[in-house]
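Trainee: I would like to learn how to read a model like this one. Please take me through it feature by feature.

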Amino acid sequence: MGCDASKSTDVIENEEIESDTFDFTDTQIDTIRSTWPILACDMVDIGSKVFLKIFIDEPKLKYAFPSFSDMEENELLRHPPFIDHVTRFMQIIDYLVENLDQQNSDFHQALLMLGAKHATYPGFQVSHFTVFNKALLEVWESAIGEEFIPEVQNCWTQLFAYIMRYIVQGYELYFSECQDEIIEEKT
C-alpha cells in the first residue's frame, strides 16, 4: 500500500461506524469488574508482560516501536517510552472496564483512531492484532490464576473481541481511505 504514513488519523466519520454494539450482560460486567482489580493492582507489570509476550510470539512487531525496537527485555522494563506505552494501554482497558455499561460513540471513535494509528506503523499488519489478543488472554490467565475459570475467560474474551472489532475496523478504514485517495489521484 502506497498510502502516505502522514495521512491524518484525526477523524473517522461517524457514519462509517457500524451502529450495532456489543451488549454485555450484567453478569459479564460483574465478572470482568470483579477480576479487574487483580490485574489493575500493578498495571505497568501486567501491561509489560502483555507486550513482552507479543514480542516473544512475533519478534517483528517490536520494530513497530522504533524508540525501543533494539532493546532487550531488562532495558525495556526501565525505558520510559515503553513504560508510558504499557501504562496508556492499561488505562484504556481500565476505562473500558469502568464504562462497560455506558458504551458510547466517543469511545468507539477512540478505538477506531487507535486502529488507524496502528496502520501507520511500518510493517504492522492486521493479523498482528491476533497476536495481541492471544497475549492478552495468556497474561490474564497467568495473573488471575485459578479464578480464570471458563466463565471468566469467556467474559474477557468478549471484551477483547469488542476492543479488536473497533481497532481492526479503524485499521481497515485507514487503508480504505488511502485507496480512495489513490483512485482519485489516478482519475
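Trainee: Which residues does H128 touch, not counting residues up to four places away in sequence?

Mentor: First, the ground rules. This is a predicted model, where local features need pLDDT of at least 70, side-chain atom pairs count only at pLDDT 80 or more, and totals for chains, interfaces and linings use all residues. Residues are numbered from 1 along each chain as its sequence is written, and side-chain values use heavy atoms, with hydrogens and water left out. Contact means heavy atoms within 4.5 Å. By that rule, H128 touches E58, L61 and G123.

Trainee: Is H128 buried or exposed?

Mentor: Relative accessible area decides. Buried means under 20%, exposed over 50%, and partly exposed in between, using a 1.4 Å probe and protein chains only. H128 has a relative accessible area of 6%, so H128 is buried. Its place is in helix α6.

Trainee: How many helices and strands are there in the protein?

Mentor: Both are DSSP runs, numbered from the N terminus: helices are H or I with at least four residues, strands are E with at least two. The protein has seven helices and zero strands. Of its 187 residues, 44% are buried.

Trainee: How do I describe two packed helices?

Mentor: Use the angle between their axes and the distance between the axes. Axes are lines fitted to C-alpha atoms, for helices over the stretch in contact, and angles run from 0 to 180 degrees between N-to-C directions. Take α2 (residues 43–57) and α6 (residues 128–144): their axes come within 9 Å and cross at roughly 130°.

Trainee: What is the orientation of α2 and α6 to each other?

Mentor: Under 35 degrees is roughly parallel, over 145 roughly antiparallel, 65 to 115 roughly perpendicular, and the rest oblique. α2 and α6 are therefore oblique to each other.

Trainee: Which residues meet in this pair?

Mentor: From α2, the list includes I46, V50, F51 and I54; from α6, it includes V131, F132, L136 and W140. By class, the contact of α2 with α6 has 11 nonpolar, no polar and five charged residues. Here Ala, Val, Leu, Ile, Met, Phe, Trp, Tyr, Cys and Pro count as nonpolar, Asp, Glu, Lys and Arg as charged, and the others, Gly among them, as polar.

Trainee: Which residues does L114 touch, not counting residues up to four places away in sequence?

Mentor: L114 touches I92 and I167. L114 lies in helix α5 (residues 105–119). With a relative accessible area of 25%, L114 is partly exposed.
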